[in-house]
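Student: I would like to go through this structure with you. Could we begin with the aromatic residues?

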Amino acid sequence: MVIKIGKANDNDYIVDNPHISRYHARLIRENDGCLFLEDTGSTNGTYVNGIQIVKKRITPTDRVRLGDDYFLDIQEVLKANNDYCEEFALLKDIYKRYVDEKVRIQSSNQFKTRLFQSLPFALPGIIGICLTMLGNGNPIMLVISLFVAICAPSIGIFLGARQSAKIPLQLQNLTNQFKIDYVCPKCGTFLGDIPWESLANRKHCPVSSCKAKWVK
């Protein structure tokens, strides 16, 4: 990939500055991801970390100056080719975490709900046997056993319903954050519940005003 930089309108990255030549420099990204900055015969020169260069390998964190006073943002220049492949690749983990967390919330809450609802029905029988053995026919123990037999299932149903009611809120919070994170890295359009692999097959954003490149 080669991005032409300069003042002329037919450059890929246009810099409107009186100290910049019409065709000032080129940013070259090779297939292995290495970046090279090349001066293309500019009048006022191209500088990397204060040193004038003709062609030099650079990184996005290097301080690049064109001419006397224009500092170049390499990350912004890379976007001139509408290439958002690296940012799009990060969405794969975001989608995976969303799916995994959604499954975890549903399975965890379903288990707790069933536990709360079923355990109290078993407890009265267990407690009743224990009280009968300990009480040896004591009326007070029988009353306590009866009370537990009546109240325990009701408490279990209440706790189960309460646990079940947490699921929609947890899922909603998860979805709200997903809608913020799972967006086109250029235009910010939410990409829906479409799996990352399916989006990757499209190769670019479907929004007509964006068309950001997602996959080379």
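Student: Are Tyr95 and Tyr182 buried or exposed?
Tutor: Tyr95 is buried, and Tyr182 is buried as well. Buried means under 20% relative accessible area, exposed means over 50%, and partly exposed lies in between, with a 1.4 Å probe and protein chains only. This is a predicted model in which local features need pLDDT of at least 70 and side-chain atom pairs count only at pLDDT 80 or more, whereas totals for chains, interfaces and linings use all residues. Residues are numbered from 1 along each chain as its sequence is written, and side-chain values use heavy atoms, with hydrogens and water left out.

Student: Which residue forms a stacked aromatic pair with Tyr182?
Tutor: Phe178 does, at 4.7 Å centre to centre and with 20 degrees between the planes. Rings of Phe, Tyr and Trp (its six-membered ring) pair if their centres lie within 6.5 Å; planes under 30 degrees apart count as stacked, over 60 as edge-to-face and the rest as tilted.

Student: Why do Phe178 and Tyr182 count as buried?
Tutor: Phe178 counts as buried because its relative accessibility is 3%. For Tyr182 the value is 0%, so Tyr182 counts as buried too.

Student: Which residues belong to the cluster linked by ring pairs?
Tutor: The cluster consists of Tyr95, Tyr98, Phe178, Tyr182 and Phe190.

Student: How many aromatic pairs are there in the whole structure?
Tutor: The search finds seven. In one of them, the rings of Tyr95 and Tyr182 have centres 5.4 Å apart and planes at 35 degrees, so this pair is tilted. Tyr95 lies in helix α2 (residues 85-135) and Tyr182 in the loop between α3 (139-181) and α4 (196-202), so the pair ties together parts 87 residues apart in sequence. Helices (H or I, at least four residues) and strands (E, at least two) are DSSP runs, numbered from the N terminus.

Student: Turning to the strands, how many residues of β4 are buried?
Tutor: Four of the five residues in β4 (residues 35-39) are buried, which leaves the strand mostly covered.

Student: What pairs with β4?
Tutor: Strand β3 (residues 25-29) pairs with β4 in the antiparallel sense over five bridges, and β7 (residues 55-58) runs antiparallel to β4, joined by four bridges. Two strands pair if DSSP finds at least two bridges between them. Ile28 stands opposite Phe36 in β4, while Leu35 has Ile58 of β7 as its bridge partner.

Student: What lies over the face of Phe36?
Tutor: Lys55 does, at 5.7 Å from the ring centre. A charge sits over a ring if NZ of Lys or CZ of Arg is within 6 Å of the ring centre and within 35 degrees of the ring normal.
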